[in-house]
Structures are given as C-alpha cells and as structure tokens.
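Please find below a short note for your reading of this structure. The points are meant to be followed with the model open beside them.

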Amino acid sequence: MATKTLSNRRRVLNFLAAGNSLTSAQAATKFGVKNFRAMISDIRSQVEAFGNWEIVSTVKNGKTIYSMEDTHEGDRTYAFKQDGTRYMVNA
C-alpha cells in the first residue's frame, strides 16, 4: 500500500487547523520551512478566501506567533484528514 507524502505547506496547514500555533523557528524545526512568512501569506490567502478561517498573528517576547481560528458559526458538516482529503462529520 502506497502512502502519500505531505508537503510542508499541507503539514503546516494541518498543524494550524488542529488548533496549534507556530513561530518561524518552530516551523523550521518541525517542518523544515525556510521562508515561513511567505508560507503563512500563501496559507492565509487560501483559508480566508471564503470567510470560514482566519490566520491570527500575535507578538510575544519579540516573536510572531501564528495560529488559525475558525470563524464559522455553527456545526461543520465536514472536516479534513491529515492527507488533506475531506470527510463528513455530521451526516
């Protein structure tokens, strides 16, 4: 059985969607990301396109921390697996 190799971008997106936050140094260590600001900009344009998610940045001790917040009110009928595929949660 073949396994899918996830891109660093998808791994970062999954990590943020799970409610975690990241700094540039953490992204480099955990996922090998070299230009985290550019990746966050790209992810932001994708997840904020329809108004359901928002990329939030805060500064603490001189480090910018990025996280992703769900702005959708109510229950979702789908979620995403680690490989990026969508599945039903409230059928």
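**Notes on the predicted model**

1. In this predicted model, the crossing of helix H1 past H3 is right-handed. The axes of H1 (residues 8–17) and H3 (residues 36–47) come within 11 Å and cross at roughly 65°. Angles of 65 to 115 degrees count as roughly perpendicular, so H1 is roughly perpendicular to H3.

2. On the H1 side, the residues that make this contact are Asn-8, Arg-9, Val-12, Leu-13 and Leu-16. H3 contributes Phe-36, Met-39, Ile-40, Asp-42, Ile-43, Gln-46 and Val-47. Sorted by class, the contact of H1 with H3 has eight nonpolar, two polar and two charged residues.

3. Asn-14 also lies in H1. Is Asn-14 buried or exposed? Its relative accessibility is 9%, and buried means under 20%, so Asn-14 counts as buried.

4. Leaving aside residues up to four places away in sequence, Asn-14 touches Leu-6, Lys-81 and Gln-82. Asn-14 and Phe-80 are 66 residues apart in sequence, yet their C-alpha atoms are 8.3 Å apart in space.

5. The model also has an open sheet of three strands, in the order S1-S3-S2, with antiparallel pairing. Strands S1 (21–22) and S2 (53–60) are the edge strands, and each pairs on one side only.

6. How many bridges join S2 and S3? Strand S3 covers residues 63–70, and its antiparallel pairing with S2 runs over eight bridges.

Key. Residues are numbered from 1 along each chain as its sequence is written. This is a predicted model: local features need pLDDT of at least 70, side-chain atom pairs count only at pLDDT 80 or more; totals for chains, interfaces and linings use all residues. Side-chain values use heavy atoms; hydrogens and water are left out. Helices (H or I, at least four residues) and strands (E, at least two) are DSSP runs, numbered from the N terminus. Buried means under 20% relative accessible area, exposed over 50%, partly exposed in between (1.4 Å probe, protein chains only). Contact means heavy atoms within 4.5 Å. Axes are lines fitted to C-alpha atoms, for helices over the stretch in contact, and angles run from 0 to 180 degrees between N-to-C directions. Angles under 35 degrees count as roughly parallel, over 145 as roughly antiparallel, 65 to 115 as roughly perpendicular and the rest as oblique. A crossing is left-handed if the near helix is turned anticlockwise from the far one by less than a right angle, and right-handed if clockwise. Ala, Val, Leu, Ile, Met, Phe, Trp, Tyr, Cys and Pro count as nonpolar, Asp, Glu, Lys and Arg as charged, and the others, Gly among them, as polar. Two strands pair if DSSP finds at least two bridges between them.
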